[in-house]
Amino acid sequence: MEKANRITQGKIFPALIEFALPVLFALLLQTMYGAVDLMVVGQFGEAQDVSAVSTGSQLMMTVTHVIASLSMGLTVCVGKRIGAQDGKTAGELIGSGIWLFGGLTLLLTAVFVPLSSPLASLLKAPQEAHEKTALYLAICLSGSVFIVFYNLIGSIFRGLGDSKLPLLTVAIACGVNIAGDFLLVGILRTGAAGAAAATVFSQAVSVLISYLIIRRRTLPFLFSKDSLRPRKEHIGAILRLGIPISLQELLVNISFLFILAIVNSLGLTASAGVGVAEKLCGFVMLVPSSFMQSMSAFVAQNIGAQRPDRARKALFYGIASSLAVGIVMAYLNFFHGDLLSGIFAKDPEIIAAASQYLKAYAVDCLLTAFLFCFIGYFNGIGRTVFVMLQGSLAAFCVRLPVSYLMSLQKPASLFRIGFATPAASFFQIIACFVFYFIISRRRQSGTGAKETEPGGENV
């Protein structure tokens, strides 16, 4: 329990940073998955391949985010039990989680693989790239089992307070993916299909090696054959926390897919340009994203250890650290978007289109420093329904209407369309500040709305 004690005792800022750094590097490597795919395809493939990878990977990113968000329910539940030093229940939660996500794997594969071509049409993939987009999706969705268990391993160990094993698993996967991309796309010239195959194979290798490593480790929870069975109460607890988070993530990503469809209707250059910009945005948002994931586990363990004061202080340390990096990212995106875009594309028109879109994201670099830390904090204290509501309202009442209205302006501007994202973030930040103020006032007045444990019990 040494790691749990560092999270729940001692100085907060060093413990938070120590936990967040491996999460940051893991997200960096994970972001390199799609980025390397796009970079190699952009250098060795055709415009159709670039469009197929950018459109297809956007949908796969949605699938991955929904799975990772659902697994956040397991992260928070396990974190709470580890904070309370209840290793037996933590093991039972993990066993139930394996059954739950195993069933999800079967559902994903059976339902979505046959729908690859209709999904490409739904995303309005340009006609020239439709067939390659559908093939990319079919290959990636066939590997759903590896996507699910790849994310499951990370969620379990972040809940335990161990952010280094997930970093190792991502590093393995990223290395295999890069080698596969250069072999299949760079040498064999298989285009988008080769990029998809490299991604699936890399995740399979990562899951296998992670399993072998885990078998040799001493784990901070009790796990036996009896643990590995579905328990109704534990699956219910995971779903109560995970479903609101995953539903919010799904709705938010659906709104981005609608925006992608709007952009795809503007032509192949706009489609490829936004695809390049979105890959860059994955890197730009690494620091706030790492604090969001770290905050959830850090706060959950402190709530379980009856230390809500540490949870609140961690929130503001996270915001300050994320904002410092956000200022630098905003400058680079607004003034040097063309240089950044040139990393992933060689076509001057695609670079110009991506640069327009990145100028709008420069504003979001500042806003997400606040937003992502608040989301991580609210997830950690079990207020996942609020997280779902604010994210869904922002997606469908702000982001989509603004992007659609901007697309009607003539001439069409990717900068104006892209500005829908910071507009939605601003709405969410206001909602988060108001909600934090409400629960703080109720806590101080003793009316019962204290920070809650995951599952909703007062501490």
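## Salt bridges of Lys132

In this predicted model, Glu46 and Lys132 join their side chains in a salt bridge with an N to O distance of 3.8 Å; a salt bridge here is a side-chain nitrogen of Lys or Arg within 4 Å of a carboxyl oxygen of Asp or Glu. Glu46 belongs to the loop between helix H2 (12–44) and H3, and Lys132 to helix H6 (residues 130–142), so the pair ties together parts that are 86 residues apart in sequence. Helices (H or I, at least four residues) and strands (E, at least two) are DSSP runs numbered from the N terminus. Glu46 is partly exposed at 46% relative accessible area, and Lys132 is also partly exposed, at 29%. For these classes, buried means under 20% relative accessible area, exposed over 50%, and partly exposed in between, with a 1.4 Å probe and protein chains only.

A salt bridge also joins the side chains of Asp49 and Lys132, with 3.1 Å from N to O. This pair links distant parts of the chain, Asp49 in helix H3 and Lys132 in helix H6, 83 residues apart. Asp49 is buried, at 4% relative accessibility.

## The Arg231–Glu92 pair

The structure holds six salt bridges. One of them is between Arg231 and Glu92, whose closest N and O atoms are 3.9 Å apart. Arg231 lies in the loop between H9 and H10 and Glu92 in helix H4, so the pair ties together parts that are 139 residues apart in sequence. Arg231 is buried at 7% relative accessibility, and Glu92 is buried at 10% relative accessible area.

## Basis of the values

Residues are numbered from 1 along each chain as its sequence is written, and side-chain values use heavy atoms, with hydrogens and water left out. Because the model is predicted, local features need pLDDT of at least 70 and side-chain atom pairs count only at pLDDT 80 or more, whereas totals for chains, interfaces and linings use all residues.

## Largest pocket

The largest pocket has a volume of about 570 Å³. On a 1 Å grid over the protein atoms alone, a pocket is an open set of points where a 1.4 Å probe fits, with protein on both sides within 12 Å along at least five of seven lines, and its lining residues have an atom within 4 Å of a point. Grid points are joined across faces, edges and corners, and a volume is the space filled by probe spheres set on the points.

The lining of the largest pocket comprises 22 residues, of which Leu59, Thr62, Phe112, Leu250 and Ile254 lie nearest its centre. At least two lining residues come from each of helix H3 (47–83), helix H4 (87–112), helix H5 (116–122) and helix H10 (232–264). H10 supplies the largest share, seven residues. By class, this lining has 19 nonpolar, two polar and one charged residues, where Ala, Val, Leu, Ile, Met, Phe, Trp, Tyr, Cys and Pro count as nonpolar, Asp, Glu, Lys and Arg as charged, and the others, Gly among them, as polar.

## Second largest pocket

The second largest pocket holds about 470 Å³ of space. It is lined by 15 residues, with Ile98, Ile153, Ile156, Tyr211 and Ile214 the closest to its centre. Two or more lining residues are given by each of H4, helix H7 (144–159) and helix H9 (191–215). H7 gives the most, with five residues. The lining of this second largest pocket has 14 nonpolar, no polar and one charged residues.

## Thr55 in helix H3

Thr55 is found in helix H3 and is buried at 0% relative accessibility. Not counting residues up to four places away in sequence, Thr55 touches Leu123, Ala125, Thr133, Leu260, Asn264 and Ser271, contact meaning heavy atoms within 4.5 Å.

## Loop residues with positive phi

Arg189, in the loop between helix H8 (164–187) and H9, has a phi near 55 degrees, a positive value in a residue other than glycine. Arg189 is exposed, at 52% relative accessible area.

Gln306 lies in the loop between helix H12 (286–304) and helix H13 (308–341). Its phi is near 65 degrees, again positive in a residue other than glycine, and Gln306 is partly exposed at 47% relative accessibility.

## Cysteines

The count of disulfides, defined as pairs of cysteine sulfur atoms within 2.5 Å, comes to zero. The sulfur of Cys365 is 7.3 Å from the closest cysteine sulfur, in Cys281, and this is too far for a bond. Cys281 is buried at 5% relative accessible area, and Cys365 is buried at 3% relative accessibility.
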